[in-house]
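Please keep the sequence and the structure in view while reading.

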Amino acid sequence: MQRQIFTEEHDAFRETVRTFLAKEVLPHYEQWEKDGIVSREAWRAAGRQGLLGLAVPEEYGGGGNTDFRYSAVLAEEFTRAGVSGLALGLHNDIIGPYLTGLGTEEQKRRWLPGFCSGETITAIAMTEPGAGSDLQGIRTAAEDKGDHWLLNGSKTFISNGILADLVIVVAKTSPEGGAKGLSLLVVERGAEGFERGRNLDKIGQKSQDTAELFFDDVRVPKENLLGELDGAFVHLMTNLAQERMGIAVAGIAAAEHLLEITTRYVKEREAFGRPLSKLQHIRFEIAEMATECAVTRTFLDRCIVDHSEGTLDAVHASMAKWWATELQKRVADRCLQLHGGYGYMTEYRVAKAYTDGRIQTIYGGTTEIMKEIIGRSLLA
């Protein structure tokens with residue numbers, strides 16, 4: 001089915017993204033995978049190309065365009081290229097809204113120009129070793145010292161953790177407040193007592209630096225409080241729909257691309273004297289995946305439009321996230337199986353997609369959490 005949600009402007013932007021990937025990313029990506037981190041120059045190149053801060057107002061160096069369809073194009077093209085390390089979606093769609101929506105005028109002028117140019121790489125630190133993403137269990141705490149906060153604690157699984165120049169830290173500022181006693185504090189590179197631990201060794205997304213972070217009596221200036229004091233819970237909930245939509249968009253794009261690759265493969269690969277595509281079982285597998293992808297794509301495109309218009313609710317974003325990512329996982333597994341032994345070889349695209357994509361049903365809220373949100377909305 002022909003997609004109907006994009007205009008000529010979106011198509012032109014898609015070509016810009018493809019050109020950027022071909023010139024600035026793909027020639028270097030194999031080395032980044034070995035290094036476990038991308039180069040800072042790639043971030044600066046993305047900034048020069050206008051791929052950072054798409055929704056940031058022009059006065060701060062951004063694109064001034066809040067149409068989520070541009071973010072969807074970016075996610076789709078990066079996914080199709082098999083590029084997971086350069087986390088522009090995290091930067092633009094997850095962290096960007098915190099800075100633009102919660103930042104004071106002084107904070108915006110201090111942080112957003114670098115955010116848009118690629119000179120300032122960002123991360124958000126919520127997950128902790130003992131609490132996971134359970135806000136109630138967060139132990140990282142900031143003590144009010146009058147003219148500054150004194151921050152202590154640790155975080156783990158932080159994407160962009162090694163490269164980040166600006167880290168939004170979720171910390172307890174009211175000890176008795178539980179999840180309602182948390183605030184967002186911005187810690188900048190070079191702050192005394194702020195240390196980075198290991199660049200974590202993951203099964204996939206090797207070039208995406210994912211780190212442990214440690215805060216030992218870090219003095220955070222009072223002017224680095226982002227949003228309301230003790231308001232982190234509400235701030236975090238407000239931006240989750242966009243985070244989950246970005247993950248969902250990547251999920252369906254990955255499933256569709258894997259289906260394309262595998263369809264070509266079974267036409268070319270022979271077994272028992274004829275192409276695999278001549279076997280009824282193979283045709284049924286392809287038919288099932290193609291149908292699942294087509295139905296999911298229709299729903300996702302509707303969600304993309306709704307989100308661009310500001311009408312997508314948390315429940316439908318959760319539906320999109322769990323369904324698209326679980327589909328991605330199923331399709332990756334079935335496509336690898338159809339490749340046989342070659343599917344297990346890292347030189348084949350399907351093998352890398354299998355390991356890179358496995359995190360999709362976990363981060364941004366697990367499938368189980370998505371189902372809980374949906375079920376609670378229906379049965380409350």
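In this predicted model, the charged end of Lys371 sits over the ring of Trp322, at 4.8 Å from the ring's centre.

**Aromatic pairs**

How many aromatic pairs does the count come to? The count comes to six aromatic pairs. A pair of aromatic rings is described by the distance of the centres and the angle of the planes. Two of the pairs are set out below.

| Pair | Centre to centre | Angle between planes | Arrangement |
|---|---|---|---|
| Phe20 and Phe78 | 6.5 Å | 25° | stacked |
| Phe194 and Phe215 | 5.3 Å | 10° | stacked |

Phe20 belongs to helix H1 and Phe78 to helix H3 (residues 68–80); this pair links distant parts of the chain, 58 residues apart. Both Phe20 and Phe78 are buried. Phe194 lies in strand E6 (residues 194–199) and Phe215 in strand E7 (residues 210–221), so their pair ties together parts that are 21 residues apart in sequence. Phe194 and Phe215 are likewise buried.

**Strand E5 and its partners**

Of the seven residues of strand E5 (residues 182–188), six are buried, so the strand is largely enclosed by the rest of the structure. Strand E4 (residues 166–172) runs antiparallel to E5, and seven bridges join the two. Within this pairing, Leu166 stands opposite Glu188 of E5. E5 is also joined to strand E8 (residues 225–226) by two bridges, again in an antiparallel arrangement. There, Leu184 has Leu226 as its bridge partner.

**Helix H2**

Which residues of helix H2 (residues 40–48) are buried? They are Ala42, Trp43, Ala45, Ala46 and Gly47. These buried residues pack against helix H1 (8–35), helix H4 (88–102) and helix H5 (105–117). Just after H2, Gly50 takes a positive phi of about 80°.

**Cysteines**

A search of the whole structure finds zero disulfides. Cys303 is in no disulfide, and the nearest cysteine sulfur, that of Cys293, is 16 Å away. Because its relative accessible area is 2%, Cys303 counts as buried, the cut-off being under 20%. Cys116 is buried as well, with a relative accessible area of 3%.

**An annotated span**

UniProt, in an unreviewed entry, lists residues 236–379 as "domain: Acyl-CoA dehydrogenase/oxidase C-terminal". In the model, this span is 75% helix and 3% strand, and its end C-alpha atoms lie 24 Å apart.

Note on methods. Residues are numbered from 1 along each chain as its sequence is written. This is a predicted model: local features need pLDDT of at least 70, side-chain atom pairs count only at pLDDT 80 or more; totals for chains, interfaces and linings use all residues. Side-chain values use heavy atoms; hydrogens and water are left out. Buried means under 20% relative accessible area, exposed over 50%, partly exposed in between (1.4 Å probe, protein chains only). Helices (H or I, at least four residues) and strands (E, at least two) are DSSP runs, numbered from the N terminus. Two strands pair if DSSP finds at least two bridges between them. Contact means heavy atoms within 4.5 Å. UniProt positions are given in the numbering used here, feature names are shortened, and annotations may be inferred rather than shown by experiment. A disulfide is a pair of cysteine sulfur atoms within 2.5 Å. Rings of Phe, Tyr and Trp (its six-membered ring) pair if their centres lie within 6.5 Å; planes under 30 degrees apart count as stacked, over 60 as edge-to-face and the rest as tilted. A charge sits over a ring if NZ of Lys or CZ of Arg is within 6 Å of the ring centre and within 35 degrees of the ring normal.
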